[in-house]
Amino acid sequence: MPSEVRSEREKSPLHPHVTKVVIPVGGLGTRFLPATKAIPKEIFPLIDKPVIQYVVEEAASVGLTDILMVTSRNKRPLEDHFDHNVEIEEALSRKGDETHLDQVRESSDLVTLHYVRQGTPKGLGHALLCAESYVGNEPFAVLLGDDLIDPRDPLLARMIAVQERFGGSVVALMEVDPRDMHLYGCAAVSPTDEADVVTVTGLVEKPGPGEAPSACAVIGRFVLHPGIFDVIRGTGPGRGGEIQLTDALDSLSRTRAAPVHGVLFSGRRYDTGDRADYVRTIVRLACERDDLGPDFRAWLAAFVSHDFHETR
């Protein structure tokens with residue numbers, strides 16, 4: 001566990017430690033149809049590693065290795081990816097291919113995984129209710145399965161430290177273009193004595209024109225107080241006819257039963273649930289890799305400056 005997380009915990013003995021993670025992956029992935037008819041979007045590769053493995057690695061990087069995935073009936077490939085594949089491992093072992101053998105085994109040895117099915121997808125709030133018996137009466141982290149945070153920008157560690165100082169719940173906030181705010185939950189905020197931490201005084205799910213209370217959009221990282229479950233149960237369907245976590249957090253922030261804070265994030269985030277951002281993420285990762293980057297960047301520069309225009 002990173003030293004900055006340990007040091008914050010040593011200063012905050014009054015709040016229970018975050019030890020568990022919930023990753024909701026039961027959605028239908030309609031933006032990627034027809035591919036998601038048979039393949040969960042969380043398994044889509046970012047070159048040679050599926051999206052979901054990046055999310056699990058993020059949790060493991062801060063010492064959170066007890067993870068529940070809230071799945072649905074078409075998400076069996078997620079379980080298969082994190083299980084051992086004996087045939088492949090034996091074949092690689094016979095060939096003496098230790099590099100690929102280590103890569104195949106890595107996903108199976110990362111964390112302890114549990115699975116529960118959501119049944120009918122009724123929104124993020126409903127998905128979290130499926131995790132209540134797993135979570136118990138402890139704060140817990142929620143990582144959305146198609147939202148990636150670059151490991152060079154350790155958002156989750158900061159959120160855990162903030163939760164353990166202030167208690168209550170913590171959401172990740174990022175400034176987005178006002179034209180895109182209708183795609184996000186949006187937070188009304190007030191400052192605290194820490195530059196990157198705000199108090200959340202209200203939230204709106206996917207606000208329409210003129211409805212956004214700020215430029216702070218909620219992105220896919222949360223550290224939640226277990227009291228959120230009671231609030232979700234009392235929350236009716238919201239946008240899209242679904243039970244929205246944003247609406248439950250809005251209720252929590254207004255009643256002040258448990259505080260809601262936001263961590264302002266300005267680092268690198270990749271929304272792989274969006275088709276254009278998914279492609280951009282692959283290009284960026286390819287450009288930055290030592291084994292692919294030099295040749296790929298040269299090809300990309302030539303394509304953009306010359307080949308692309310000739311093929312139009």
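Modeller: Before we start, helices here are DSSP runs of type H or I with at least four residues, strands are E runs of at least two, and both are numbered from the N terminus. Keep in mind also that this is a predicted model.

Colleague: How far apart are P151 and G267 in space?

Modeller: Their C-alpha atoms are 9.8 Å apart, although P151 and G267 are separated by 116 residues in sequence.

Colleague: Switching to cysteines, how many disulfides does the structure hold?

Modeller: The structure holds zero disulfides. Taking C186 as a case, the nearest cysteine sulfur belongs to C216 and is 7.0 Å away, whereas a disulfide needs the two sulfur atoms within 2.5 Å, so C186 is in no disulfide.

Colleague: Why does C186 count as buried?

Modeller: The relative accessibility of C186 is 0%, and C186 counts as buried because the cut-off for that class is under 20%. C287 is also put in the buried class, with a relative accessible area of 17%.

Colleague: Now charges: what does the count of salt bridges come to?

Modeller: The count comes to 21 salt bridges. One of them joins R221 to E58, with the closest N and O atoms 2.7 Å apart. That pair links distant parts of the chain, since R221 lies in strand β11 (residues 216–224) and E58 in helix α2 (residues 51–61), 163 residues apart.

Colleague: Are R221 and E58 buried or exposed?

Modeller: Both R221 and E58 are buried. For the salt bridge of D177 with R179, where the closest N and O atoms are 2.7 Å apart, D177 is partly exposed at 28% relative accessibility, while R179 is exposed at 66%.

Colleague: Which residues are linked in a network of salt bridges?

Modeller: R158, R165, D193, E194 and D196 are linked in such a network. Elsewhere, K49 forms a salt bridge with E57, and the closest N and O atoms there are 3.1 Å apart.

Colleague: Last one, which residues form the negative surface patch?

Modeller: That negative patch is formed by E98, D102, E106 and D109. E98 is found in helix α5, which covers residues 98–109, and E98 counts as partly exposed at 45% relative accessibility.

How values were computed: Residues are numbered from 1 along each chain as its sequence is written. This is a predicted model: local features need pLDDT of at least 70, side-chain atom pairs count only at pLDDT 80 or more; totals for chains, interfaces and linings use all residues. Side-chain values use heavy atoms; hydrogens and water are left out. Patches are made of residues with over 30% relative accessible area and no salt bridge: like charges are joined within 9 Å, nonpolar side chains (Val, Leu, Ile, Met, Phe, Trp, Tyr) within 5 Å. Accessible areas come from the Shrake-Rupley method with a 1.4 Å probe; for residues, only the protein chains shown count as cover. A salt bridge is a side-chain nitrogen of Lys or Arg within 4 Å of a carboxyl oxygen of Asp or Glu. Lys and Arg count as positive and Asp and Glu as negative; His and the chain ends are not counted. The place of a charge is taken as NZ of Lys, CZ of Arg, CG of Asp or CD of Glu. Buried means under 20% relative accessible area, exposed over 50%, partly exposed in between (1.4 Å probe, protein chains only).
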